[in-house]
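Please keep the sequence and the structure open while reading.

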Amino acid sequence: MANQEIIDKLKNALVNQDINGTVEATKEALAAGMTANDIINNALAPGMKIIGDKFEVAEIYLPQIMMSAKAMNNAMEVLRPAMEKEKIGEGSGIAITFVQEGDIHDIGHRLVSTMLGANGFKIIDLGVDVSNETIIEEVKKNKGKKVLLAGSALMTTSMMSQKDTIVALKEEGLRDSVKVMFGGAPVTKQWITEIGADGTAENAAEAARVALDLTRK
Amino acid sequence: MVEYTPKERLARALKGQPVDRMPAVSFTQTGTVEQMEASGAFWPEANEDAQKMAALAEAGHTVVGFEAVRVPFDITAEAEFFGCKIKAGTREQQPSVVGHVIKETADIEKLSGYDINKGRISVVCDAIKILADKYGKELPIMGSMIGPFSLAQHLNGDDWFMNIFTDEAFGQALIDFTTDFNIAYAKKMAENGADTMVIIDPTASAQLIGAQFYEKFVVPYHRRIVNAMKELGVATVLHICGDTTQGLALMEVCGVDAISVDQSVNVATAMDKVDRAIIIGNLDPVNVLWNKTPEVVRQKSKEVLDAGVPILAPGCGIVSKTPTENLRAMVEMIKEHRY
Ligand SMILES: [Zn+2]
């Protein structure tokens, strides 16, 4: 099979939530001599972009995105040895996701975690009602790796503790080892600048784009 | 014009029949710290003890002025009943579900044969009895429970969203199981005196799962619950969080009397989207009821009333720290409103 065909096959498997298909096509791509870097850039990344676009126009929903995320992770598993050899690290990186204050409205958080997963991030989901101590602890555990913090705030009060998160990161000397993005209904770009975070997004698809931008820097 | 009791008024309003004025009720969680202080019944004890639960529910009527009493204050008693790990609540925070108990079909079988008279769901039923004995002739007695789709998510965890996609047989088996439970639980609440049933199904959102999955995994199950309640003469209200605008037409297919929408929905648009269901909503519990002044509450209430809302109410559960004066401002605006 020509390389382009394999690439298309992998991309389609990802977009069509084929969790076994991505494994098979990734193996074929490696066997055909492609690098992990090429496979990610030519098949997986564009595939993920399609998923994000489809979600934004309400063509697919959470069940499909979660399955594509799984298909993506399966492909990454196969690529891991090659990635190590090529020294391209942890895919997009590790994303630590959390909601600052407990609430039943964790839909945004759920979608962001899933979209980041579908974009090659290894997700560490800390869940809802997460304290700054827990966040700091998790960042420490992953020091030296490419880490993104993605926090949601549903209310104005939990938005206030985003500021505390940044302060705590600075105090622990960890601010430079993570990229920090915050989202949620009350969060504005102005607020992000004010507290010294790195980015925000209006929705889960945008969150994935911003996250990739931030971690590529 | 005839003056109705609050009970008659709400029953009529939910059926779209003419009433003397708008009923002042909250279909979502009513407990606040100020009401806890006034009644001496505090979270988390008021979630566990029937007397305290009833006392705090009563405060919604005696302190705030709501023309109904409503229990419980959270949506985790059902998952707790089936053994899910629960993160305990505090005075200001409701408990939340953190562990799940169903992975596969065999796990469902293990959980069947339960005794509905046990656990915190039975406390809720006892509280309803206490409230019905005291207020049942005069006030609507509202029971609320988590809906079958969100209960399935509590039991199965986030895999639930994938399982409805990849394993239809399991999906159907689990939602059947949760629906059977919902019906048995709702019937018991009705037996104990509940005349209005609020189904809170936050994750059953068409915005989240799309219309196709909603039609398959939500509509038929809501319909079964609604029909069971109709047989008992109990009114039904469905609350789903988030921007449900595009899902409203599907939400009413189950035959529910009324749909409670949150603040991300435009009330006028919502009313256009439905055929028959009464739209309830939708003051923002955080950015209006909790964090603003009575003056702003009155202004925002007026906006929603001017948009023609059939029943003005909070858009979702009231935040525990909400000042009573803000809730009273909303109640006053409702009571002054004539259709
Ligand atoms: Zn809600």
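In which sense do strands β3 and β4 of chain A pair, and over how many bridges? β3(A) and β4(A) (residues 178-183) pair in the parallel sense, over 6 bridges.

## Basis of the report

This is a predicted model, in which local features need pLDDT of at least 70 and side-chain atom pairs count only at pLDDT 80 or more, while totals for chains, interfaces and linings use all residues. Residues are numbered from 1 along each chain as its sequence is written, chains are lettered from A and ligands numbered from 1 in the order in which they are written, and side-chain values use heavy atoms, with hydrogens and water left out.

## Parallel strands in chain A

Helices (H or I, at least four residues) and strands (E, at least two) are DSSP runs, numbered from the N terminus. Two strands are said to pair if DSSP finds at least two bridges between them. Strand β1 of chain A (residues 93-99) pairs in the parallel sense with β2(A) (residues 121-125) over 5 bridges, and in the parallel sense with β3(A) (residues 147-152) over 6 bridges. Thr97(A) has Asp125(A) as its bridge partner in β2(A), and Phe98(A) has Gly151(A) as its bridge partner in β3(A).

Buried here means under 20% relative accessible area, exposed over 50%, and partly exposed in between (1.4 Å probe, protein chains only). Because 7 of the 7 residues of β1(A) are buried, this strand is largely enclosed by the rest of the structure. β3(A) is mostly covered, with 6 of its 6 residues buried. In a regular strand the side chains alternate between the two faces of the sheet. In β3(A) both faces are covered: Val147(A), Leu149(A) and Gly151(A) are buried on one side, and Leu148(A), Ala150(A) and Ser152(A) on the other.

## Ser152 of chain A

Ser152(A) is in strand β3 of chain A, where Val99(A) stands opposite Ser152(A). Its relative accessibility is 10%, so Ser152(A) counts as buried. Leaving out residues up to four places away in sequence, Ser152(A) touches Phe98(A), Val99(A), Gln100(A), His109(A), Gln162(A) and Gly183(A); contact means heavy atoms within 4.5 Å.

## The zinc site in chain B

Which residues coordinate the zinc ion? The donors are His239(B) through NE2, Cys241(B) through SG and Cys316(B) through SG, at 2.1 Å. Along the chain, the donors follow the spacing H-x1-C-x74-C. Cys241(B) is in the loop between β6 (235-239) and α12 (248-251) of chain B and Cys316(B) is in the loop between β9 (311-314) and α16 (324-336) of chain B, so the pair ties together parts that are 75 residues apart in sequence. Both Cys241(B) and Cys316(B) are buried.

Donors are N, O and S atoms within 2.8 Å of the metal (3.2 Å for Na, K and Ca); water is not among the atoms, so sites may look incomplete.

## Aromatic pairs

Rings of Phe, Tyr and Trp (its six-membered ring) pair if their centres lie within 6.5 Å; planes under 30 degrees apart count as stacked, over 60 as edge-to-face and the rest as tilted. Over all chains, a search of the whole structure finds 14 aromatic pairs. One of them is the tilted pair of Phe82(B) and Phe177(B), 5.2 Å centre to centre with 55° between the planes. Phe82(B) lies in the loop between α4 (77-81) and β2 (86-87) of chain B and Phe177(B) in helix α9 (residues 168-191) of chain B, so this pair ties together parts that are 95 residues apart in sequence. Both Phe82(B) and Phe177(B) are buried.

Phe165(B) and Phe213(B) form an edge-to-face pair, 5.8 Å centre to centre with 90° between the planes. Phe165(B) is in helix α8 (residues 159-166) of chain B and Phe213(B) in helix α10 (residues 206-217) of chain B, 48 residues apart. Phe165(B) is partly exposed, with a relative accessible area of 30%, whereas Phe213(B), at 12% relative accessibility, counts as buried.

## The interface between the chains

In chain B, 25 residues are in contact with 20 residues of chain A. The area buried between chain B and chain A is about 2000 Å², with carbon and sulfur atoms giving 69% of this area. Met162(B), Phe165(B) and Leu208(B) supply 28% of the area that chain B buries against chain A, more than any other three residues. Buried area is the accessible area (1.4 Å probe) that two parts lose on being put together, summed over both.
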